[in-house]
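Here are my comments on the model you sent.

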Amino acid sequence: MHLEVLILLGPLVAFLINGLFGRLYIKNNAHFVAIAGVGLSWIVSIITFFRVMGGHSVDATLYNWVAAGKFNIPFGILVDPLTAIMLIVVTTVSTMVHIYSMGYMHDDEGYWRFFTYLSIFTFSMLILVMGNNFLMLFVGWELVGLSSYLLIGFWFYKKSAADACKKAFVMNRIGDFGFYIGLLLVIVTFQGLNYSDAFQYEAIQAIKANTYTVFGMQFSLIDLMTLGLFCGAMGKSAQFPLHTWLPDAMEGPTPVSALIHAATMVTAGVYMVARCNALFSEAHITSMVVVYVGMFTAFLGATIGLTQYDLKRILAYSTVSQLGYMIMATGVGAYVAGIFHLFTHAFFKGLLFLCSGSVMHAMHNDLDVRKMGGLKKKMPITYWTYLVGCIAIAGIPPLAGFWSKDEILAMTFANGHMFPWFVATVVAGMTAFYMFRSFFLVFEGTPRNQHMHDHAHESPATMTGPLVFLAILSVLAGAVFGYPLENGFIHHFLGPVLTPEGAHPHHLEHSTALMLMILSIVVAAAGIFISWLYYIKVPSLPGKTVKAFKPVHTFFYNKWFFDELYDALIVFPIVTISRFLWRGFDVNVIDFTVNAFGKVPMFIGGVARHLQTGRMQTYIFTMVVGVIVLFTIFYTV
Amino acid sequence: MELTLAHYLILSAVIFALGMTGVLIRKNLIVMFMSLELMLNAVNINLAAFSNYLQDMTGQIFIVFVMAVAAAEAAVGLALIISLFRNKQTINAEELNIMRG
């Protein structure tokens, strides 16, 4: 029995207890069970982390799940440095969100249901990161999708929430289709699902030469495999073109947005790519796709984030943008940088979302930043923690975001991807701008809606506690793990598992690295300065800029019209064809044929019914005539 | 004049025909019922005649059977007619056509 199994059991048991007894018996005490479960996971995860630091690792089969001839699917767990980091991220943020939810979801009629879903989510995410084979990854993958669906649609009586959860599910399904294909290729190629089977250097080199022509283009087998897997990552990690579900997912309760749609679930794609680094590093076409998808998503998210007015949507697009960064990092081969950014991002983005929840709490669920302002005095803790989150995400040293983001930029530069590097640097400036834009609009200046401002108040301790804790992590996590650049603790820790065999990592000259670092700080500072200029110093500037760039602003404000485009290209044709098949084919052809079979007997019956008069004397008469006729026939012939 | 088998058979046939005509043309259920009894008894005459002619007791035994059935039928049939009258206030066969298709 491995100690790590406890990590899985905690949330699972909490889920079962709350799920079975929550509605009738536990009700508003559900948080005790859920926090006990996730707390156990958290403690064991920290212990595991230190044990892994000491060289401990586990790759064990707990039992054989499917055994079909030579083909086996074990239910096994894998604990290595990558898993240990993910465990820390998942359980820390999850525990904080659990505590925060005690305050935030207070008085909600679905209190026990909320904690039940949180537990099943935590369990699923842990399955995802702890599995030792592709199928367990996939099981976790689908389970987090399910729990995300349940939590986005938590207030299912709101149509927008019900629509959003369906959209999230369908978009993920599209990506999962590719994921299936990738999985099948892995099974067929490596005759097994275990990571240890698939990631063998010799096995990969052996199949490297296999190429196939798809749509007139030459792909190697590994390219096809990884492209399939990456489709799954695009769905789960909200990459272009499947990114549209994530902003809509903000319909869910804010703790859920923080946990699932910022810190953990959406990073599953990054985790998967990093986990499969042995495959991805050999897939050159896929790597290009990954870099440019990540780059474009980062740019897309940032441009939309610039123009939004809904606080949670700003954060959601910022998440899309940051996920783009991570994906881009994995594409250029900087797996450590990608995971490092995942790690720091989980803390500061989780923090920012929880802050937005705190603001929402104070503003009676209104999220329009145009109605806020001057909340600094009313909510000091939220103010300071949000500021920390903003500085962290903007990339000002020594806060967490700087270390990981700068590393991604440096590695992109070092690997010779100049255009992605340039775009990512611009995006870094934009990120600093729009994050501080939201910060200034919400907390600084004068109140824009006096009535709402008067009713604003700081949140209870159960909510501010996690804020402070995450703020501390946002300050420290980067420097503690990432200093010195490219040679910090995290590199030594993750390096062994995330450096594919045969890869030649590029390193920068010390002076170049320093130049890049200064450049990224300058860009971030410029973003913050422009933001200050626009929203504090000269408040008339935003209006003027919008007027000057009207078409561009409209384009960005409407999210590049992606929803409209998908409606026109996909939804509309499907609805039109379905309607034709329904009205035209189903009703006129199929129903017509079936009805015809019914109508013939009805017609015959309609004629024959007149024989049945209901008068018995007619019947008797008929019988007598019949008997006479029969006698006549038999006695005359 | 000697009574031969033919006389009996003709009597039987005449009574049977009368009974059948009654069943077919009368509208009153009671009268139809009596006509039915007439038909049964016509058959009885037939059976008795043949029994005597063939010197075989089987025919007469069957007469007892027919009479037993007729008695039972009378009891049930009359009860049905009474029940029908209570519900419909009529025993006119013409008006009892709720089973019309």
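**Notes on the predicted model**

1. In chain A, helix α15 (residues 311-331) and helix α16 (residues 335-362) have axes that come within 9 Å and cross at roughly 175°. An angle over 145 degrees counts as roughly antiparallel, so α15(A) is roughly antiparallel to α16(A). By class, 11 nonpolar, seven polar and two charged residues make up the contact of these two helices. Keep in mind that this is a predicted model.

2. Which residues of α15(A) meet α16(A)? From α15(A), they are Leu311(A), Lys312(A), Leu315(A), Thr319(A), Gln322(A), Tyr325(A), Met326(A), Ala329(A) and Thr330(A). On the α16(A) side, the partners include Tyr335(A), His341(A), Leu342(A), His345(A), Lys349(A), Leu352(A), Phe353(A) and Val359(A).

3. The C-alpha trace of chain A spans about 125 × 70 × 55 Å along its principal axes.

4. Chain A has 637 residues, and 51% of them count as buried. As for contacts in chain A between residues at least 6 apart in sequence, 80% join residues at least 24 apart.

5. How many residues of chain A are in contact with chain B? There are 11, and they are in contact with 10 residues of chain B. The side of chain A that touches chain B divides into four nonpolar, five polar and two charged residues.

Note on methods
Residues numbered from 1 in each chain as written. Chains lettered and ligands numbered in written order. Predicted model: local features only at pLDDT ≥ 70, side-chain atom pairs only at ≥ 80, totals over all residues. Contact = placed C-beta atoms within 7 Å. Nonpolar A, V, L, I, M, F, W, Y, C, P; charged D, E, K, R; others polar. Axes fitted to C-alpha atoms, helices over the stretch in contact; angles between N-to-C directions. Helix = DSSP H or I, 4+ residues; strand = E, 2+ residues; numbered from the N terminus. Parallel < 35°, antiparallel > 145°, perpendicular 65-115°, else oblique. Buried ≥ 20, exposed ≤ 12 C-beta atoms within 10 Å, placed from the backbone.
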